[in-house]
Amino acid sequence: MYSYTEFDNNFNQNRVDQFRSQVTRRIDGSLTEDEFKPLRLMNGLYLQLHAYMLRVAIPYGTLNSQKMYQLAIIADKYDRGYGHFTTRQNIQYNWPKLKDVPDILQDLANVEMHAVQTSGNCIRNVTADHFAGASTDEIEDPRPTAELIRQWSTDHPEFSFLGRKFKIAITGSPNDRAVTKAHDIGLRMVRNNKNEPGYEVIIGGGLGRTPMIGKVLRSFLPRKDILPYLESVMQIYNMLGRRDNKYKARIKITVHEHGINKICDLVEERFIIQRSSFGGFDQKLLIKLEKAFAAPIYINEPIDSYNKSYQSDPLFRSFVDTNLSEHKNLNYSIVSISLKKHGQTPGDATSQQMRMMANLAKKYGHDELRISHEQNVILPHVHKSNLYKVFNELKSVELATANIGLISDIIACPGMDYCALATARSIPIAQQIAMRFNQLKLENDIGEIKIKISGCINACGHHHIGHIGILGLDRAGVENYQITLGGNSTQNTVIGKSLGPGFSYTEIIPAIEKIIYTYLDIRSSNDETFLETFNRVGLTPFKKIVYTPSEIINKSTATFANNNNESFASQEIK
Amino acid sequence: MNVIVTDNGFESDTWSNIFLTLDKLLLINPKSTNKFSLDVPNTTDPKELAPLFARISLIRIAFLNSTDGRGFTLASHLRLLGYKGRLRAQGHVLADQYTMARRCGYDEIEISIELADRQPEKQWLSRSDWKSNCYINQLKQLA
């Protein structure tokens, strides 16, 4: 893992001191609220519905036990004993006081962390595949490039006052777990026909009120050109992007209005002179960064005990089958820790849970943790001989829920419970869906499905790209939830299709239930996932059932649910 | 009278040339060997100015609002295209933006008396060490 140089530490300390002075100057009137706003935002400080909210960066989702431990301490010392992990691999504290924020930033700086550029109209925290460096399908670890981009974008003098926020994501695997096509810039590490490393550069993706799938700007960019090329894209966007209407200011609109070909010509023209401003230090640094992210020194132990526990403990077996992913070292596993226990707020972790995850990473995980955009925590390198111990310790703090990728593993934005922009609640909807299907004991039978919920049109909950997307709106003072089906967040990114008229707060859970029963009813086999079924049959069968009054179909679904409960029960006995 | 901010703090404006707009400058006989001062908005295309660099001694770029960062990219583009003359940012620039402006190639900032009163010299001087703690300068060094 990357550890700060003296330069990084000096920068970070200087930044904390500056923010401390900015807070003082806001209080003494040197800075107006309008002037202070962009300055506090680029240090991660929002004004929310009830209080300030501090968003702390976890660059490319990678951290170690010391950092996770510090996040727990901050939650206890300055907040209410918990934090919320977000879809951009950050953590948010919901209740800090303005006067404490400089001290929090100092505590973060002490462990090489910061809240720099987690909000505001600047280049945000760079995100990456949460399985980076561990998965079997990776061409290359994206994190050295992500760290290079972090350094380049940090306090970049040209791009701290852009027309709008700017998000960059990178994946090193053809199986995209970083949602690169829904970012302002998405980078996919590729090889050309001479097997030389480089990047496919995608621009203009984004969700929000105008969802767009990113377009390829350059199908192969040689590795050495990454920073000057990114700089050229940013310069064209900074000058050309609209500033008259904040809803039309993202680069996706710039690309849409000018066309990808014109943007491409402008970027390539700019790139020629931009390249001359780099002298090679950046590439030398990249080589150092690659060393910093080298694989851990794997241990070699027998794994008989793991096999034994797998056979003897059904709860462990369920955890293994659901929450583990293949590691490139056969004797290791990638462990996903669900922050989605049924009925809990998706993405929240208590300080006690954070401490536990930190300890487990230190004892059994080569001191590494990841935050996923799906709001879970990952132990990327756990030797199989340690899995049972990890499972049992997780269980002791209610972190062993076996639901990764299932219907209760929901992405939800904070919604009206916290957010000043929200038009509806998201968290209670997520909680109720999770509780309902847990009660029905259908979760495992339904299998892989991604539900994503946003409490307003800004789409922080990624609803457009959920297999089932739920968007909460305000209709004349009443919450109204619209459903989209068939969205996809992988390399085959698809924006979901609208099912039809929305549902009230009390109608939405029954509507989701009908959709799921329809799927279970019409899937071609138990192996056909929800998304596959949807892609085969389209909206019509779902529409028909969902908009048919309940009393007509109640009977048939009740029968189905009963049958299904029985079959599930019999599975368990086996 | 506006205040000029440099690395040394506040100064009064000693520049006595009259500022021309680009339209006006283009009306002047190209054979004239005089040097001119140019006032441009932050939406100017730097390539239009490049052929005129030899005739310009100062370019003043307007910052109508401190949240509009186009003037930063414009300055850095002008420098990359080879402009060596004086470069001034004028208007709503905050003390907190001083380092950014210097890093993008500005020599000085011109601010109103009102802004200078509200953000006194000390606050600008605390940002005058613009060369240190700069990621982009480090990354652009020679290998």
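Residues are numbered from 1 along each chain as its sequence is written, while chains are lettered from A and ligands numbered from 1 in the order in which they are written. Since the model is predicted, local features need pLDDT of at least 70 and side-chain atom pairs count only at pLDDT 80 or more, whereas totals for chains, interfaces and linings use all residues.

Let us begin with chain B. Its secondary structure comes to 7 helices and 7 strands, where helices (H or I, at least four residues) and strands (E, at least two) are DSSP runs numbered from the N terminus. Read from the N terminus on, the elements of chain B go β-β-β-α-β-α-β-α-β-α-β-α-α-α. The radius of gyration of chain B is 15 Å, close to the 15 Å that the globule rule gives for 143 residues, so chain B is as compact as a globular protein of that length. Here the radius is taken over C-alpha atoms, and the rule is 2.2 Å times the number of residues to the power 0.38. The C-alpha trace of chain B spans about 45 × 45 × 25 Å along its principal axes.

Of the 143 residues of chain B, 36% count as buried. A residue is buried if 20 or more other C-beta atoms lie within 10 Å of its own, exposed if 12 or fewer, and partly exposed in between, with C-beta atoms placed from the backbone. Among the contacts in chain B with a separation of 6 or more, 57% come from residues 24 or more positions apart; a contact means that two C-beta atoms, placed from the backbone, lie within 7 Å.

The strands of chain B build an open sheet of 7 strands in the order β2-β1-β7-β6-β5-β4-β3, with mixed pairing. Strands pair if DSSP finds at least two bridges between them. At the edges are β2 (9-12) and β3 (19-20) of chain B, each pairing on one side only. Strand β1 (residues 3-6) of chain B runs antiparallel to β2(B) and is joined to β2(B) by 4 bridges, and Val3(B) has Ser12(B) in β2(B) as its bridge partner. Helix α3 (residues 70-80) of chain B packs on this sheet, touching β5 (56-63) and β6 (86-91) of chain B, and its direction makes about 160 degrees with that of β5(B). Such angles run from 0 to 180 degrees between N-to-C directions, and axes are lines fitted to C-alpha atoms, for helices over the stretch in contact.

Now for the place where the chains meet. The contact takes 33 residues from chain A and 27 residues from chain B. On the side of chain A, the elements giving two or more residues are α1 (6-28), α2 (33-41), α5 (143-153), α6 (226-240) and α9 (281-292). The largest share of that side, 5 residues, comes from α1(A). The residues on the side of chain A divide into 13 nonpolar, 14 polar and 6 charged (Ala, Val, Leu, Ile, Met, Phe, Trp, Tyr, Cys and Pro count as nonpolar, Asp, Glu, Lys and Arg as charged, and the others, Gly among them, as polar).

Helix α1(A) also packs against helix α4 (residues 101-109) of chain A, at an angle of about 175 degrees and with the axes 9 Å apart. That makes α1(A) roughly antiparallel to α4(A), since angles over 145 degrees count as roughly antiparallel, those under 35 as roughly parallel, 65 to 115 as roughly perpendicular and the rest as oblique. The residues of this contact divide into 7 nonpolar, 3 polar and 1 charged.

Further along chain A, strand β12 (residues 332-337) is mostly covered, with 6 of its 6 residues buried. In a regular strand the side chains alternate between the two faces of the sheet. Accordingly named by direction, Tyr332(A), Ile334(A) and Ser336(A) point one way from β12(A), and Ser333(A), Val335(A) and Ile337(A) the other way. Strand β11 (residues 324-326) of chain A runs antiparallel to β12(A), with 3 bridges joining them, and the two form a hairpin with 5 residues between them. β12(A) also pairs with strand β15 (residues 377-383) of chain A in the antiparallel sense over 5 bridges, where Tyr332(A) has His383(A) as its bridge partner.

Our last stop is Tyr505(A), in the loop between β21 (503-504) and α16 (508-522) of chain A. Tyr505(A) is partly exposed, with 16 other C-beta atoms within 10 Å.
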